[in-house]
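Here are my notes on the model you sent. Please read them with the structure open.

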Amino acid sequence: LVLLDLTMPQKGGVEAFAEMQAIAPHVPVVVMSGYSEKEALEMFSGTRPCAFLQKPFSIGDVETALREALAPGSVVPHNDRLPEVLGMPHKGSYPS
């Protein structure tokens, strides 16, 4: 699960999302932004994040977004290449 802000200093959220999709397309992503949901999601072409949080948000909003992102069928088994792409040592398997 990734919580991703659309506005970041080095790389925008849309660009970061595209790179994450190339590495691990089945990892659920929740996008956070001060933009409205409509404005924010219009920035994405093709695959879109699985949930959205509009700033400012409450802990209840976070809980709802996380439940939506982690709903059955939202998550597919991990990508074995992810540690390699991130420059991490491969340790075999990861806990479920």
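1. Basis. This is a predicted model, in which local features need pLDDT of at least 70 and side-chain atom pairs count only at pLDDT 80 or more, while totals for chains, interfaces and linings use all residues. Residues are numbered from 1 along each chain as its sequence is written, and side-chain values use heavy atoms, with hydrogens and water left out.

2. Strands. Strands β2 (residues 29–33) and β3 (residues 51–54) run parallel and are joined by four bridges; pairing requires that DSSP finds at least two bridges between two strands. Helices (H or I, at least four residues) and strands (E, at least two) are DSSP runs, numbered from the N terminus. Val30 has Ala51 in β3 as its bridge partner.

3. Salt bridges. The count is four, taking a side-chain nitrogen of Lys or Arg within 4 Å of a carboxyl oxygen of Asp or Glu. One of them links Glu19 to Lys11, with the closest N and O atoms 2.8 Å apart.

4. Helical pairs. Lys38 and Glu42 form a salt bridge at 2.7 Å, N to O; they are four residues apart in helix α2, so about one helical turn separates them. Arg67 and Glu63 also meet in a salt bridge (2.7 Å, N to O), and they are four residues apart in helix α3 (residues 59–69).

5. Accessibility. Buried means under 20% relative accessible area, exposed over 50%, and partly exposed in between (1.4 Å probe, protein chains only). Lys38 is exposed at 61%, whereas Glu42 is partly exposed at 49%.
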